[in-house]
Amino acid sequence: MCQLLGMNCNVPTDICFSFTGFACRGGRTDEHRDGWGIAFFEDKGCRVFRDYLASSESPIAELVSHYPIKSTNVIAHIRKATQGEINLVNTHPFQRELWGKYWVFAHNGNLERLPELPTHYYRSVGTTDSERAFCLLLEQLRHRYDEEPAANVLFETVKEIAGELAQHGTFNFMLSNGEWLFAHCSTHLHYIIRRAPFCKAHLLDEDVTVDFAQVTKAHDQVAVIATQPLTDNESWIGMESGELIGFHQGQVAWQATTVSSTK
């Protein structure tokens, strides 16, 4: 299966530390060699880097790990293919427009017998179940609402659609519109909220330590979400199967349970 990494903050923050450890899992400390990608939201814009090479070997991943792009919402993915060829078009995260905003999506799992895609607005470019699920999710949101609904309505609707899609298999995913970051767990997802007083953190996959007290301010809040914990000296929270969390401004803002596959 693939692995996911996300970050949601109240101030623009770089993800270099977390991404350094995460990228090692793409063929060096783990088996996810079938491509990788990362998306950074900057206001209404979104930078997306993707490569079909393993992240541990990709020159683009090396660039990203040393380039301090500051963002309030980031989604990254390392791939171990289950459906679809190993090529650029099938690498995550995927990006589409809805209600005048970019939406970004990445998935870990395997979905079988998904419904046929309506041909109104969203179509898959590649051949993965993941991109198809993303298109189905956005198609339903667009069909139900002409404009972006209130946050509580949006969350409840994403919960409902996620529950329906999760009936087709393992559906760990991250979804963001640049303001919210939704994380849904079928099997494995963990998160940590870093806030004052900040301390040092040490990566599991690389001998790298950072003292967050030296690079943050007292009001900073940073939520980091990953398939498996990235550090060995912090207390990560494991999400439950079927749990959906909406992260906003670096904290848990919404939390609910959907119907999902069992661990």
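The following conversation discusses a predicted model of a protein structure.

Reader: Where should I look for the largest nonpolar core, and how many residues does it have?

Author: The largest nonpolar core has 29 residues. Those with the most contacts inside it are W103, L138, L141, L165, F171, L175 and F182. At least two residues of this core come from each of β5 (94-98), β6 (101-108), α3 (129-144), α4 (151-166) and β7 (172-176).

Reader: What is L165 in contact with, leaving aside its neighbours within four places in sequence?

Author: L165 is in contact with L111, L114, A133, L136, L137 and F171. F171 is also on the list of core residues with the most contacts.

Reader: And which residues does the second core include?

Author: The second core is separate and has 23 residues, among them M7, A23, I38 and I78. In soluble globular proteins, nonpolar side chains tend to be buried together.

Reader: Let me turn to helices. How do the axes of α1 and α2 cross?

Author: Helix α1 covers residues 16-24 and helix α2 covers residues 59-66. Their axes come within 8 Å and cross at roughly 150 degrees. Angles over 145 degrees count as roughly antiparallel, and α1 and α2 are therefore roughly antiparallel to each other.

Reader: Which residues meet there?

Author: From α1, the residues are C16, F19 and T20. They meet A61, V64, S65 and H66 in α2. The residues of this contact divide into four nonpolar, three polar and no charged.

Reader: Is C16 buried or exposed?

Author: C16 counts as buried because its relative accessibility is 13%, and the cut-off for buried is under 20%.

Reader: New topic. Which residues does a cis peptide bond join?

Author: P93 is placed in the loop between β4 (71-78) and β5. Another cis peptide bond joins A196 and P197, where omega is about 0 degrees. P197 lies in the loop between β9 (190-195) and β10 (200-202). Most peptide bonds are trans.

Reader: Which residues other than glycine have a positive phi?

Author: D43 is one of them, with phi near 55 degrees. R113, which is not a glycine, has a positive phi of about 55 degrees. Most residues other than glycine have a negative phi.

Reader: Where is D43 found, and is D43 buried or exposed?

Author: D43 is found in the loop between β2 (36-42) and β3 (45-51). With a relative accessible area of 78%, D43 is exposed.

Reader: And where is R113?

Author: R113 is in the loop between β6 and α3. At 72% relative accessibility, R113 counts as exposed.

Reader: How far apart are T216 and V104?

Author: In sequence, T216 and V104 are 112 residues apart. In space, the two are 27 Å apart from C-alpha to C-alpha.

Technical notes: Residues numbered from 1 in each chain as written. Predicted model: local features only at pLDDT ≥ 70, side-chain atom pairs only at ≥ 80, totals over all residues. Heavy atoms only, no water. Axes fitted to C-alpha atoms, helices over the stretch in contact; angles between N-to-C directions. Helix = DSSP H or I, 4+ residues; strand = E, 2+ residues; numbered from the N terminus. Parallel < 35°, antiparallel > 145°, perpendicular 65-115°, else oblique. Contact = heavy atoms within 4.5 Å. Nonpolar A, V, L, I, M, F, W, Y, C, P; charged D, E, K, R; others polar. Buried < 20%, exposed > 50% of the residue type's maximum accessible area, 1.4 Å probe, protein only. Core = buried A, V, L, I, M, F, W, Y, C linked by side-chain atoms within 4.5 Å.
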